[in-house]
Amino acid sequence: MRIRDYIPDLVVDLKYATEDNFTGVVIYDFTEPWLRYGTVKKLMAVQETLKKQGLGLKLWDGFRPTSAQEKLWNICPDPTYVSKLGTGSQSHCRGIAVDVTLVDTSGCELVMPTDFDDFSELADRDYADCSAEAAENAGLLEEVMEQNGFKPYFGEWWHYSDTVSYDIANDFEP
């Protein structure tokens, strides 16, 4: 499902549809994010919860074709940050994973432990090595995402997967 058909106020900045990502190259050629319908419904609940607090979500990545996953692995063959086809979870390729952050009502990002795709120890969920404000914001994001059926990945504060999984979606091409 195209996410903004269900969450029109979602702020979207698909990093891998541009050169503005850690690889410096375009990884996929679509500009609208997609997810499985069940995952979209959970993300809708997250957005509604955050709205009550004057906040919202910004999405950097959702569904990712296996061809894109393979490109990422070839550039960064580190299973801590990129899932290898055939051995990792490939949650993005299943249409159940999102890379997100918090934004205010103007769409401005809140302070978080790191920027997106910072592949360092600062990006993990041990918030002892970041500012109190960043730790509080990341903790709020984690709490709301978990309350609505997402599980966090320890190595990246921005990455969440639906607790319900599906097969890899080779025919899910946007």
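Leu55 stands opposite Asp104 in strand β3. That pairing belongs to a predicted model. Strand β3 covers residues 97–104, and seven of its eight residues are buried, so the strand is largely enclosed by the rest of the structure.

**Strand pairing**
- Strand β2 (residues 55–61) runs antiparallel to β3, and the two pair over six bridges.
- β3 also pairs with strand β5 (residues 156–162), again in the antiparallel sense, over three bridges.
- Ala97 has Ser161 in β5 as its bridge partner.

**Nonpolar core**
- In soluble globular proteins, nonpolar side chains tend to be buried together.
- Here the largest nonpolar core has 46 residues. Leu43, Val98, Leu141 and Met145 have the most contacts inside it.
- Two or more residues come from each of α1, β2, α2 (66–75), β3, α3 (132–147) and β5.
- Helix α3 gives the largest share of this core, seven residues.
- Leaving aside neighbours within four places in sequence, Leu141 is in contact with Leu57, Val100, Thr101, Leu102, Met112, Trp157 and Tyr160.

**Salt bridges**
- The whole structure holds eleven salt bridges.
- Arg4 and Glu32 form one of them, with their closest N and O atoms 2.6 Å apart. Arg4 sits in the segment before β1 (11–12) and Glu32 in the loop between β1 and α1, so the pair ties together parts that are 28 residues apart in sequence. Arg4 is partly exposed, at 28% relative accessibility.
- Arg64 bridges to Asp99, with the closest N and O atoms 3.9 Å apart. This pair links distant parts of the chain: Arg64 is in the loop between β2 and α2, Asp99 is in strand β3, and they are 35 residues apart. Arg64 is buried at 6% relative accessibility, and Asp99 is buried at 2%.
- Lys15 pairs with Asp20, the closest N and O atoms being 2.7 Å apart. Lys15 is buried, with a relative accessible area of 12%, whereas Asp20 is partly exposed at 49%.
- Asp9, Glu48 and Lys51 are linked in a salt-bridge network.

**Surface patch**
- Tyr37 lies in helix α1 (residues 37–51). Tyr37 is partly exposed, with a relative accessible area of 40%.

**Backbone at Asp117**
- Most residues other than glycine have a negative phi.
- Asp117 has a positive phi, near 55°.
- Asp117 is placed in the loop between β3 and α3. Asp117 is buried, with a relative accessible area of 10%.

Conventions
Residues numbered from 1 in each chain as written. Predicted model: local features only at pLDDT ≥ 70, side-chain atom pairs only at ≥ 80, totals over all residues. Heavy atoms only, no water. Buried < 20%, exposed > 50% of the residue type's maximum accessible area, 1.4 Å probe, protein only. Helix = DSSP H or I, 4+ residues; strand = E, 2+ residues; numbered from the N terminus. Pairing = 2+ DSSP bridges. Core = buried A, V, L, I, M, F, W, Y, C linked by side-chain atoms within 4.5 Å. Contact = heavy atoms within 4.5 Å. Salt bridge = Lys/Arg side-chain N within 4 Å of Asp/Glu carboxyl O.
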